Amino acid sequence: MREFVPDMILSCPIDYPQGTSDIKVRNHAVLAALRKGANAIDLVLNHPLAMNHKMEQLIDDIESNLSICRDNNASLRIMMEYRMFEDAALFFDISNLLKESGVE
């Protein structure tokens, strides 16, 4: 598809719908999607890590995928299920954390 419409954004969802796969599995899926022509990645946030306040692991996951995207001139977008956040402050904290990391 990219050959015919080079300016089109071609996105691929990764780890949909749960977002609970291992970081290495998610990294591999991102890399495979980029190799097949995606130029945007829609990565499902690992909600269990967020809900259990395991921010270091969450950041490692996001930053490793962001690095892969940057190396391949692609954008990384995070899909978050806002209804899973009973604590609105946590939702906004994670949103700000993602923004600071360079996620679109």
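Reader: What makes β1 and strand β2 a parallel pair, and how many bridges join them?
Author: β1 and β2 (residues 40–44) run parallel and are joined by 4 bridges. Two strands pair if DSSP finds at least two bridges between them, so the 4 bridges here meet that rule. S11, for example, stands opposite A40 in β2. Strands are DSSP runs of E of at least two residues and helices are runs of H or I of at least four, all numbered from the N terminus.

Reader: Before we go on, what kind of model is this, and which residues count?
Author: This is a predicted model, where local features need pLDDT of at least 70, side-chain atom pairs count only at pLDDT 80 or more, and totals for chains, interfaces and linings use all residues. Residues are numbered from 1 along each chain as its sequence is written, and side-chain values use heavy atoms, with hydrogens and water left out.

Reader: Why are β1 and β3 called edge strands?
Author: The sheet is open, with 3 parallel strands in the order β1-β2-β3. β1 (11–14) and β3 (75–79) each pair on one side only, which makes them the edges. Neighbouring strands of this sheet are turned by 25° against each other on average, direction ignored.

Reader: How do you know that α3 and α4 cross, and at what angle?
Author: The axes of α3 and helix α4 (residues 88–101) come within 11 Å and cross at roughly 35°. Axes are lines fitted to C-alpha atoms, for helices over the stretch in contact, and angles run from 0 to 180 degrees between N-to-C directions.

Reader: Which residues of α3 and α4 make the contact?
Author: On α3 they are M55, L58, I59, I62, E63, L66 and R70, and on α4 they are L90, I94, L97, L98 and S101. Contact means heavy atoms within 4.5 Å. By class there are 9 nonpolar, 1 polar and 2 charged residues; Ala, Val, Leu, Ile, Met, Phe, Trp, Tyr, Cys and Pro count as nonpolar, Asp, Glu, Lys and Arg as charged, and the others, Gly among them, as polar.

Reader: Where does helix α3 lie relative to the strands?
Author: Helix α3 (residues 55–71) lies across β2 and β3, running at about 145° to β3.

Reader: What makes the bond between Y16 and P17 worth a look?
Author: The peptide bond joining Y16 and P17 is cis, with omega about 5°. P17 is found in the loop between β1 and α1 (23–35). D15 is in that loop too, and its phi is near 65°, a positive value in a residue other than glycine. Most residues other than glycine have a negative phi, and most peptide bonds are trans.
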